[in-house]
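Subject: Structure handover

Hello,

Here is the structure I promised, with my notes below it. Please read them with the model open.

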Amino acid sequence: MKKIYGFFFLSLWFNSYFIQAQGVVNDYVLGTQELAIVPFDYLQDGNEQSLEDIEAGFFSSPYSVKSFIEEISYGKASIDGIVYPYRANQPPLYGTGYTNCYPLDEDIANQPDIDYSIIDGIILLVHSNTTGCSAGLSAYGKLPFTTADGFFEFRRSGFRVDFYFPYEFSGITNSTVAHEIIHSFGIPYHSNSYIKVNEEWFLQGYGNVFDIMGIRSEASHPCSLIKQQKGWLTDNEIENISTSGTYRIHALEKTLPGQVQSIVIDLPNDLDIQPNDNFIFSKLYLEYRGLTGFDARNNRNVVLSDGSLHTIQDPHGLLIVGADCFMNNDYCVPVIIDTHPEPLGGIGASYQPHEASDAPLNLGETYLVGNNSISIEVVNVVEGEYIDVNIDFNTLSVTENSGISELKIYPNPTSDFINIDSDENFSFGVKLYDMYGKLLSSHTRMNQINIGNFSEGVYLLEIIDWKSNQKRIEKIIRN
Ligand SMILES: [Zn+2]
């Protein structure tokens, strides 16, 4: 499996250079995108979806692709256009791959009733029984076409699926269409996740279950990094931070111009979660998913590998999205980090991307950013509205005059007790975390902590000096 994703990474990487040269990824998509929706009928069997349903699926249903695009872009982008009549008697589909599934560009560009001069994109709806075809596909950004009206550039997407009413499982009339249209806006990658499989971190393709550019069985908003690349979140809503403090992040799903909806931390040191793979994060995007709007329709029941159903109790919270960046940080690919990497329900999801369904950091939990002295703690949540996050950039630093540096912590490694020696005037708290920032126990001025009940491995002991608020973190090895 690792090799597959290694290959995936390579193709993405080369792609990124190509795309960068085209200037596609960071091209904003603002305003109404005019589409020509052109159904091609290769069967004429009477099972074609009606033009009225196609129109409703794209534009007029409350669950339409248009309403989804408008919500995720905060009204900054939309789609509109004409649904053209079915085309019969077209040259047959033939060959392998694309030509077996979708009409050729020369045929697309040669439809006398289409005004190519006014469109931003063309949508091909294919009614055929040729096989080996994906449900949808898109070019990333605009392509050149030579038409009877002249030379034009426009986007091209193709679909071989019907719309569902009132909506499909995802909460939208067709999530494949929505996903592909965002590709056509110039997003050449998928939103992935970092999950843990067999004790190793693993990049799961399509693994961001909170992002329509990850798993599209949930019609979720794209992550804040994608929204930034498309111009939907601007510097007014994205705050770059580099100092400790408590920060408020408003729900990503709401239209709140001028309110912070994403926080970006430029990491002093790259975060390399799994050293023997190819992924390294130079930034973290923090966003609050409040499960409002389209996100509220999401289903958080995960089928486990034994066939039973596992309900995620608290699916909203702080999402930590690592940005794997290329080209001097100009081009970044998002990956959510699962802050609860233990197997779902104790045995794991039957479909592995769902392992990231419990990725959000919840109230009271802390995530310690590896290879950096940064901790991220959720200190307050107003459900559906905002989350308050305490970010400490000096978690590991200790000043000279604090008693905290004088504490003796021993033995280490240990199989049962950790002793903390301090003088009597020193008041402090102690928290024990696992390596992923999950709080295991919390104590007040405790001089001895038993970790004998925990399994072998590495733990983090955090000591907080209540006078100075300074913190010290020690790696403890339980053997
Ligand atoms: Zn895709």
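This is a predicted model: local features need pLDDT of at least 70, side-chain atom pairs count only at pLDDT 80 or more; totals for chains, interfaces and linings use all residues.

Ala88 is partly exposed, because 13 other C-beta atoms lie within 10 Å. Ala88 sits in the loop between S2 and helix H4 (98-101). Which residues does Ala88 contact, leaving aside its neighbours within four places in sequence? They are Asp41 and Gln44. Gln44 is 44 residues from Ala88 in sequence, yet their C-alpha atoms are 7.3 Å apart in space.

**Domains**

The protein is divided into three parts: domain 1 (28-184), domain 2 (192-392) and domain 3 (403-478). Between the C-alpha centres of domain 2 and domain 3 the distance is 28 Å. Their contact involves nine residues of domain 2 and seven residues of domain 3. On the domain 2 side, strand S17 (residues 366-369) gives the largest share, three residues.

**Helix H2**

Now look at helix H2 (residues 51-60). Its residues Ile54, Gly57 and Phe58 are buried. Viewed down the axis of H2, the buried residues fall within an arc of 85°, so they line one face of the helix. Turned away from that buried side is a face with the exposed residues Glu52 and Ser60.

**The largest nonpolar core**

In soluble globular proteins, nonpolar side chains tend to be buried together. Here the largest nonpolar core holds 101 residues. Within this core, Ile320 and Val321 touch the most other members. Strand S16 (residues 331-337) supplies the largest share of the core, six residues. Not counting residues up to four places away in sequence, Ile320 touches Leu284, Leu286, Ile336, Ile337, Thr339, Leu361, Tyr367 and Ile376.

**A three-stranded open sheet**

Three strands form an open sheet in the order S20-S21-S24, with antiparallel pairing. Strand S20 (408-410) and strand S24 (448-450) are at the edges with a single partner strand each, so one side of each has no neighbour in the sheet. From one strand to the next, the twist averages 15°. Three bridges pair S20 with strand S21 (residues 417-421) in the antiparallel sense. In that pairing, Ile409 has Ile420 of S21 as its bridge partner.

**Strand S22 and its partners**

Strand S22 (residues 428-434) runs antiparallel to strand S25 (residues 457-465), and seven bridges join them. S22 is also joined to strand S23 (residues 439-444), again antiparallel, by five bridges. In S25, its bridge partner is Leu460. In S23, Tyr433 stands opposite Leu439.

That is the handover.

Best wishes

How values were computed. Residues are numbered from 1 along each chain as its sequence is written. Two strands pair if DSSP finds at least two bridges between them. Helices (H or I, at least four residues) and strands (E, at least two) are DSSP runs, numbered from the N terminus. Axes are lines fitted to C-alpha atoms, for helices over the stretch in contact, and angles run from 0 to 180 degrees between N-to-C directions. A residue is buried if 20 or more other C-beta atoms lie within 10 Å of its own, exposed if 12 or fewer, and partly exposed in between; C-beta atoms are placed from the backbone. The arc is that of the directions from the helix axis to the C-beta atoms. A nonpolar core is a set of buried Ala, Val, Leu, Ile, Met, Phe, Trp, Tyr and Cys residues joined through C-beta atoms within 7 Å. Two residues are in contact if their C-beta atoms, placed from the backbone, lie within 7 Å. Domain bounds come from an automatic or database domain assignment.
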